[in-house]
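Here are my notes on this model, as numbered points. Please read them with the structure open.

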Amino acid sequence: MLKLVTSRILASVPLLLLVAFLSFVLLELANRGTDPAARIAGDGASPEQIESIRQNLNLDSPMIVRYAEWVGHAVTGDLGKSLYSGQAVTDAIMERIWITGSLALWAIILTIVIGIPLGVWAAVRQGSLVDRAVTTVAALLMSVPPFVLGLLLVITFAITRAWLPATGYVTIAEGGIVEWSRHLILPALALAAVSAAELARQTRGSIVDALNKDYVRTARAKGLSGRSVLWKHTMKNAAVSIVTVLGMQMGRILGGAVTVEFVFAISGLGMLGYTAVVQRDLPMVQGVVIMSALVVLICNLLVDMSYGYLNPKIRK
């Protein structure tokens, strides 16, 4: 297991460097034909002022030089400063990541609580009306973007009935765990719907496939109860595929957080990244991209570690 974890961590380093380099290239292409220093200086700025800003922000250096300098500082935790606000990128991300982290935590919990039970229910009733209903609803949810579902949830539960707040975020320290949960449940449900639908479909398929294996027939022939066959023999062997899909949903949740936070007026990491892209704030965009990639890599590492628990062969 230690060898598996070590190899995955070492493989993550060049991947992070590649992600950072690609984001540098894309932003460089996006800024082609424009002058970031002139935008920061504003209208009416003199050429001397624009040149001073360009030199202070090191915008006159080639891209590869700026990338190498950024990597050198990033190793120490310094992701630079915003081109517009002057705030340290690391501080800005740390202020917002707890908000997005809370939203993602709720979304993952709802994904598991909704997706796995529905998938199991559909699998054990394969071919029934329940199976068809779960499959159909899952297909419909997978075709609805999170921001559209978020708007429907706001209209239904916040505007029409006023059961839950429509916008904003409240920390646990400010409003307690109840208000914190009330402000997160609608955006988290909008984020979790597509992931729960995908997880339900994958859970159903994995369990149906496992139920047709020889070891399940042998367990039934021994006289084991249906519940024992399902949870002791079938679920553990089907769990590898389920955990894989669950790990992949973290990237989807982070991507969907951009639009969902915008709909619910939540100032999280997604909103920070959106604002940075609109302003073409290279250091801030770079920091958000790297932090998002790091979170996804950590989730993938946890998934790999779970493989070692579910399948002893992988531990070697």
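1. Start with the salt bridge between arginine 204 and aspartate 131, whose closest N and O atoms are 2.6 Å apart. A salt bridge here is a side-chain nitrogen of Lys or Arg within 4 Å of a carboxyl oxygen of Asp or Glu. The pair links distant parts of the chain, 73 residues apart: arginine 204 sits in helix α8 (residues 172–211) and aspartate 131 in helix α6 (residues 129–142). Helices are DSSP runs (H or I, at least four residues), numbered from the N terminus.

2. A word on the basis. This is a predicted model, in which local features need pLDDT of at least 70 and side-chain atom pairs count only at pLDDT 80 or more, while totals for chains, interfaces and linings use all residues. Residues are numbered from 1 along each chain as its sequence is written, and side-chain values use heavy atoms, with hydrogens and water left out.

3. Are the two partners buried or exposed? Aspartate 131 counts as buried because its relative accessibility is 5%. Arginine 204 is at 22%, so it counts as partly exposed. The cut-offs are under 20% relative accessible area for buried, over 50% for exposed, and partly exposed in between (1.4 Å probe, protein chains only).

4. The salt-bridge count comes to 2. Arginine 182 and glutamate 179 also meet in one, at 3.3 Å from N to O. These residues are 3 apart in helix α8, so about one helical turn separates them. Arginine 182 is partly exposed, with a relative accessible area of 27%. Glutamate 179 is partly exposed as well, at 29%.

5. Now look at threonine 111 in helix α5. Its relative accessibility is 0%, so threonine 111 counts as buried. A polar atom of its side chain lies 2.7 Å from the backbone oxygen of alanine 107. Beyond its neighbours within four places in sequence, threonine 111 is in contact (heavy atoms within 4.5 Å) with Ile116, Ala192, Ser195, Ala196, Leu199 and Leu246.

6. Helix α5 (residues 89–124) also holds isoleucine 109. Isoleucine 109 counts as partly exposed because its relative accessibility is 40%.

Conventions: Helices (H or I, at least four residues) and strands (E, at least two) are DSSP runs, numbered from the N terminus. A polar contact is a pair of N or O atoms within 3.5 Å; within protein, one must be able to donate a hydrogen and the other to accept it, and residues adjacent in sequence count only if both atoms are side-chain atoms.
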